[in-house]
Amino acid sequence: NCDTLNKYPKENLIEVNGKKIYFTHGDLYGVKKGLDNLMRKGKEVGAHIVLFGHTHEPFKEEKNGMLLMNPGSIAKPALRDRGIGFIEIDDDGNLIRSELKLVKLYG
């Protein structure tokens, strides 16, 4: 969870069955202060889905035809529950499921 020491790319764009998915850690776009910069980047790259992290808090919302989703954190959640996200795209490029699932740490 060291934002500056990560060996993986901070952002990437992939395509799955015609849906462009942009993902980023989120720190490059100041997601702790708001999502406007991230939405601009998503629009710039033509993303249908934007995945991000950094806040460790689960978030899912559709804005201007773009799905924004942060699964939270499985390892170091900001809240009590650990988060995981699921996205399912069919062969025709239809988004058929986007779901956040929270798992209780205790009890």
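**Exercise 1. Contacts of F52**

Leaving aside neighbours within four places in sequence, which residues is F52 in contact with?

Solution. Start with the basis. The model is predicted: local features need pLDDT of at least 70, side-chain atom pairs count only at pLDDT 80 or more, and totals for chains, interfaces and linings use all residues. Residues are numbered from 1 along each chain as its sequence is written, and side-chain values use heavy atoms, with hydrogens and water left out.

Step 1: apply the cut-off. Contact means heavy atoms within 4.5 Å.

Step 2: list the partners. F52 touches T24, H25, V31, L35, L38, F59, L68, M69, N70 and P71.

Step 3: The largest nonpolar core includes F52, along with V31, L35, L38 and L68.

**Exercise 2. The core**

State how many residues the largest nonpolar core has, and name them.

Solution. A nonpolar core is a set of buried Ala, Val, Leu, Ile, Met, Phe, Trp, Tyr and Cys residues joined through side-chain atoms within 4.5 Å. Buried means under 20% relative accessible area, exposed over 50%, and partly exposed in between (1.4 Å probe, protein chains only).

Step 1: name the members. The core has twelve residues: Y22, Y29, V31, L35, L38, M39, V45, A47, V50, F52, M66 and L68.

Step 2: find the suppliers. At least two residues of this core come from each of α1 (36–44) and β5 (66–70).

Step 3: In soluble globular proteins, nonpolar side chains tend to be buried together. In this chain of 107 residues, 32% are buried.

**Exercise 3. Fold and confidence**

Give the order of the elements and find where confidence is lowest and highest among them.

Solution. Step 1: count. The protein chain has one helix and seven strands. These are DSSP runs, numbered from the N terminus (helices H or I, at least four residues; strands E, at least two).

Step 1: order. From the N terminus on, the elements run β-β-α-β-β-β-β-β.

Step 2: read the confidence. pLDDT is the predictor's confidence in each residue, from 0 to 100. The chain averages 89, and 90% of the residues score at least 70. Strand β7 (residues 95–103) has the lowest mean, 91, while strand β3 (residues 49–51) has the highest, 98.

**Exercise 4. Salt bridges**

Solution. Step 1: define. A salt bridge is a side-chain nitrogen of Lys or Arg within 4 Å of a carboxyl oxygen of Asp or Glu. The structure holds six.

Step 1: D27 and K10. D27 is partly exposed at 24% relative accessibility. K10 is partly exposed too, at 27%.

Step 2: K41 and E44. About one helical turn separates K41 and E44, because they are three residues apart in helix α1. K41 is buried, with a relative accessible area of 18%. E44 is exposed, at 61%.

Step 3: R97 and E99. R97 is partly exposed at 33%, and E99 is partly exposed at 27%.

Step 4: extend. A network of salt bridges links E88, R97, E99 and K101.
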